[in-house]
Amino acid sequence: MTQELTASGPTDADARTTAEQPSTDPGWWRHAVIYQVYVRSFADSDGDGIGDLRGVRDRLPHLARLGVDAVWLTPFYASPQADGGYDVADYRSVDPLFGDLRDADDLVRAAHELGLRVIVDVVPNHTSDQHPWFRAALADRPGGPARARYHFRPGRGPDGSLPPNDWQSVFGGPAWTRTTGPDGAPGEWYLHLFAPEQPDLDWDCPEVHREFDSVLRFWLDLGVDGFRIDVAHGMVKAPGLPDIGHQEQARLIGAQRLPFFDQDGVHTIHRAWRRLLDSYPGQRIGVAEAWAPSSERLALYVRPDELHQAFNFQFLRCPWDAAAMRTVIDASLAATTSVGAPTTWVLSNHDVVRHTTRYAETGPEQGLARARAAALLMLALPGSTYVYQGEELGLPEVTDLPDDVRQDPAFFRGDGQDGFRDGCRVPIPWSGTEPPYGFGPVAGGPSWLPQPDSWARLSVEAQTGDPDSTLELYRAAIALRRERPGLAEPVMAWRDGAELPEGVLALVRPGLVCTVNTRGEEVELPRPGRLLLASAPVVAGEVTVRIPADSSAWWAI
């Protein structure tokens, strides 16, 4: 049942005022640093081993000290948790695992008091199979009005025993599950691009549009500052649901257009949502999680009348290679500049292996060095930056989780995602010398995924005040980014010349040069300016500087 705030809670007018704080920046999202909180793994306030909204609220001062502009919260709605909350049973309620609606309201207000904006996830491609709509659809007859909200189809073959088409789930296996009628007889099939517990909505149904307009207004009235739109590229399917003709379809996502992803019809939905967002004061924004086959296709999601941002997965996927990085950066900037939008940069999130581990070709020390260097590169680029929780601590992927503790649904299915997303979702360490490292209120208390014994030295407490720590590197870089007004301008150029060896980048921003050495050995360069910050010790002479392997540095000019 949808929750409501008690009579002592805020009215709509009060809630809107919360997000109407005066702003001196008409486009805050264009150069913001936004911190992603995976709620389940951030902070546990009640000791049950699962992070919750009160835990997030209590740890907001860490984010304020880090210097970020906004926090993005992964789903905390009522859900059976078949896919970490991305299977929503009630879009207007908080799941008891995470608290209640009052906790959500308190969090938003506390964030605003600290100068932080709040972005929440919305999941419009699919619901939970426990959503009242889907339960009504299962009880309805074929062709009935309740089934019009989802993709129900008869099967192929003489007896309908084959799926309606050859689409595969992102999590592996067929994207279709057959229903069973009240009499036990097999019935129609329903589409689920993810787990069977996540049936896809049919956005050709007007009722679906009206429902999500209402959901967005509900949370905007509570005071949130925007939405990260899950699977923003997937709500519209190609007419007739045609076969693809390929196996291993999950590997094609982001590489080519598919009949269930990146269809042009999604842009009509996003334009309508942009109009809705613009009708609210306080610069509310929409952020697309959209996998597109090219930077040009991705830019379509951020045209002036569509969403404000779209995640740049091309940058996330880029290897630690100077030429490849430059190509991706140039293509990304060209595509978004062509539509007047900012580019976003992200290195990790809750669905991919942490970049500290991705970059570790020869071992964890190399991975951390490259991750620190990549952070300075990312924070020097024009546009908006996303930081995934624990990234500021240099956390690696946990690669040795026992099978019996894993909860990623893809782990239990074949031919889809690799099923190892749990490794980037392990609760982060805050303090202390033994698990759960301050994640919960009691030393030695539970944690929904086990934390490595080696994480004591990576905790917020252990790194605070250590000038060589990754946490202090992030704090310093974000502070410099805020203090130097030229970094808010959408201007960048590459510095070229014979003095730059292969594998070295030098990008120029107003008042700053960022040098990046992706080589495996130290390089000597003409001194670019006054050293501001470096990911590894730099030896600076009067005329030249020596830049360590796998490192970046910022120079004032």
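Which backbone oxygen lies 2.7 Å from a polar atom of the side chain of Thr 518? It is the backbone oxygen of Gly 503, and the pair is a polar contact in the sense used here, namely two N or O atoms within 3.5 Å, where within protein one must be able to donate a hydrogen and the other to accept it, and where residues adjacent in sequence count only if both atoms are side-chain atoms. The model is a predicted one, in which local features need pLDDT of at least 70 and side-chain atom pairs count only at pLDDT 80 or more, while totals for chains, interfaces and linings use all residues. Residues are numbered from 1 along each chain as its sequence is written, and side-chain values use heavy atoms, with hydrogens and water left out.

Thr 518 itself is placed in the loop between strand E16 (512-517) and strand E17 (523-526), where helices (H or I, at least four residues) and strands (E, at least two) are DSSP runs numbered from the N terminus. Its relative accessibility is 11%, so Thr 518 counts as buried; buried means under 20% relative accessible area, exposed over 50%, and partly exposed in between, with a 1.4 Å probe and protein chains only. Apart from neighbours within four places in sequence, Thr 518 is in contact (heavy atoms within 4.5 Å) with Trp 320, Ala 322, Met 325, Gly 503 and Asp 550.

Once neighbours within four places in sequence are set aside, the contacts of Asn 349 are Gln 36, Phe 313, Leu 316, Tyr 388 and Cys 424.

We turn now to the aromatic rings. The structure holds 25 aromatic pairs, a pair being two rings of Phe, Tyr or Trp (its six-membered ring) with centres within 6.5 Å, and planes under 30 degrees apart count as stacked, over 60 as edge-to-face and the rest as tilted. One of them joins Phe 42 and Trp 430 in an edge-to-face arrangement, at 5.1 Å centre to centre and with 85° between the planes. This pair links distant parts of the chain, since Phe 42 belongs to the loop between strand E1 (33-37) and helix H2 (53-58) and Trp 430 to the loop between strand E13 (384-388) and helix H13 (460-463), 388 residues apart. Phe 42, at 0% relative accessibility, counts as buried, and Trp 430 is buried with a relative accessible area of 3%. The ring of Trp 430 also has the charged end of Arg 59 over it, 4.2 Å from its centre; for this, NZ of Lys or CZ of Arg must be within 6 Å of the ring centre and within 35 degrees of the ring normal. Arg 40 likewise lies over the face of Trp 448, at 4.9 Å from the ring centre.

A further aromatic group is the cluster formed by Phe 76, Tyr 77, Tyr 91, Trp 203, Phe 212, Phe 218, Trp 219 and Trp 273.

An α-helix has 3.6 residues a turn, so residues three or four places apart point the same way.

Helix H4 (residues 101-113) has 13 residues, which at 1.5 Å a residue should span 18 Å, and its end C-alpha atoms are 19 Å apart, which agrees; the expected span is 1.5 Å times one less than the number of residues. Asp 100 caps the N-terminal end of H4, with a side-chain oxygen 3.1 Å from the backbone nitrogen of Arg 102, and just after H4, Gly 115 takes a positive phi of about 80°. The buried residues of H4 include Leu 101, Leu 107, Val 108 and His 112.
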